Structures are given as structure tokens and as C-alpha cells.
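Please read the sequence and turn the model slowly before going further.

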Amino acid sequence: MAGIYIHIPFCTSRCVYCDFYSTTYGEKDKAYISALRNELRLRANYLQQDGQMPVIETIYIGGGTPSTLDTSLLEPIFEVLYRTYHVSDRAEITIEANPDDLTPRKIKSLRTLPVNRLSMGVQTFDDGKLRLLHRRHNGEQAIRAVHDCQDTGFDNISIDLIYGLPAQSLREWEKDVNTALSLNVQHISAYALIYEEGTPLWEMRKRHVVEEADEELSLEMF
Ligand code: SF4
């Protein structure tokens, strides 16, 4: 058995802490999808074992922000995947999405894809901290997006949270965790904020615009 990860390197804007590769030049997306489709075909033999194609049990569409792409651009990826690889009927197929992209219309269109799991970049429900991180959603939008996805039939949702944010108290973090738990999602990932060299956040710390969370506090939050 095997899994396939597909990277969609586009974001509407860049978050201050992020060092993943992505570009905001969305107009290149059509060319990228076309190249990706070719690559999926050319790499078909790469997964072969003893001349046999393994069963694909997981597909993960990450990024970047795959939800920035129009569904009409995601469909052709699945078309090649299903035509070229042996995808299990029970495969877990995840797409990463940002709450601000998840309008009711977008959620409905995502349901037309063979996707059965959503991974949502929430990070925190605190609007001030979301603004500081240059995220484009607010806490209310994140909660609504989860509910709308559940109402539209998504029953496997994972949300990402970040702790150890600048000036975040243990109480604020507990509030984030409790809000996440109240949403009845199937999975929660929690990451400690990392100051990656070369990011705007790294510069902000250097200029003392933000202070890194105390290590003991971060540990307690964990
Ligand atoms: S949306 Fe995700 S991938 Fe894009 S800049 Fe923000 S954290 Fe990075």
C-alpha cells in the first residue's frame, strides 16, 4: 500500500510565520496543474513494487492553500490520479483548506470531488492574534466554516492550532482548545509556534515587535 502527497504552492497572502514554499502569483495555477498532471503520469512507475502497482490508501492535497484553487482545477488532478493509479475504494483523501475559502458554495463544490477529509488551518480563534499572524479569517469564520462543512456532509475534519503565540496566556490557549473541542471535529493538531529564519515573524522578534513565548509556558501549553 502507498500514499500520494500533492503540493499546491499557492496562497492568497503569506502568513508571517510560514516558511513553506508557496507563491501568491495565482495566475500560474493552470500551468502548474498541467505540469502536475504530467508528473503524475510520468511517475506512475515510481511506486511499482515487483512490477505491481500498490494500492493507494491515502491521498493528501496540501500546500500552500489547495482551497484557493477553483474546484474545476482540482478535478483534473483526481482524473489523472484515478486513471493512472490503483486508488482504494476506502482511500482517505484529504484536502487542506483555509476557513476564509470555505464559503457554502465552495464547500458544496468540494463535495463533488472524491475528498472525504478536510484539514483546516484555524491556528487560533483569537481575532487579534489571527491579525498579528496575517491570517485572513477570524475566529467566528473558522467556527462557521467547521459547522457548514459538517452540515454539508463532511464527517472527517481535522483542525490545526498553534500555541505559544506572542503574548498568549495559558488561559487564552485553554480557550482555543476548548473551542476546538466543542466543534466535535475528528482530529486536532497542535503545533508550537516556530520562529523560522527568513520569515517576517523572525524579523518582528529581532525588532522586539513580538516576544517569543517563555519555554516553561510553552511546555505547559503542550
Ligand atoms: S496559508 Fe498556510 S501555506 Fe499559506 S502562507 Fe499561510 S501558513 Fe503558509
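The model described here is a predicted one.

The largest pocket has a volume of about 760 Å³, and its lining is made of 37 residues, of which Y17, C18, F20, Q123 and D160 lie nearest its centre. Two or more residues of this lining come from each of the elements β2 (55-63), β3 (86-97), β4 (117-123), β5 (157-163) and β6 (187-192). When the lining of the largest pocket is sorted by class, there are 15 nonpolar, 13 polar and nine charged residues.

Which space does the ligand take? The ligand takes the space of the largest pocket. Around the ligand stand C11, S13, R14, C15, Y17, C18, G64, T65, N98 and R135, and by class this shell has four nonpolar, four polar and two charged residues. Y17 and C18 belong to the shell of the ligand, and they are also among the residues that lie nearest the centre of the largest pocket.

**The second largest pocket**

About 230 Å³ of space lies in the second largest pocket, which is lined by G3, I4, Y5, I6, L36, E39, L40, R43, Y46, L47 and Y85. The elements that give two or more residues to this lining are β1 (2-8) and α1 (29-42), and β1 gives the most, with four residues. By class, the lining of the second largest pocket divides into eight nonpolar, one polar and two charged residues.

| Pocket | Volume | Classes in the lining |
|---|---|---|
| Largest pocket | about 760 Å³ | 15 nonpolar, 13 polar, nine charged residues |
| Second largest pocket | about 230 Å³ | eight nonpolar, one polar, two charged residues |

**The sheet**

Six strands form an open sheet in the order β1-β2-β3-β4-β5-β6, and their pairing is parallel. Why is one side of β1 and of β6 left without a neighbour in the sheet? Both strands stand at the edges and each has a single partner strand, so one side of each is left without a neighbour. From one strand to the next, the twist averages 20 degrees.

Within this sheet, β3 and β4 run parallel and are joined by four bridges, and the bridge partner of A97 is M120 in β4.

**Two points in the backbone**

The peptide bond from G63 to G64 is cis, with omega near 25 degrees, and G64 has its place in the loop between β2 and α2 (71-84).

D50 is not a glycine, and yet it has a positive phi of about 50 degrees; its place is in the loop between α1 and β2.

Technical notes
Residues numbered from 1 in each chain as written. Predicted model: local features only at pLDDT ≥ 70, side-chain atom pairs only at ≥ 80, totals over all residues. Heavy atoms only, no water. Near = heavy atom within 4 Å. 1 Å grid on protein atoms, 1.4 Å probe; cavity = no way out; pocket = protein on both sides within 12 Å on 5 of 7 lines; lining within 4 Å. Sits in = over half its atoms within 2 Å of the grid points. Nonpolar A, V, L, I, M, F, W, Y, C, P; charged D, E, K, R; others polar. Points joined across faces, edges and corners; volume = space filled by probe spheres on them. Pairing = 2+ DSSP bridges. Axes fitted to C-alpha atoms, helices over the stretch in contact; angles between N-to-C directions.
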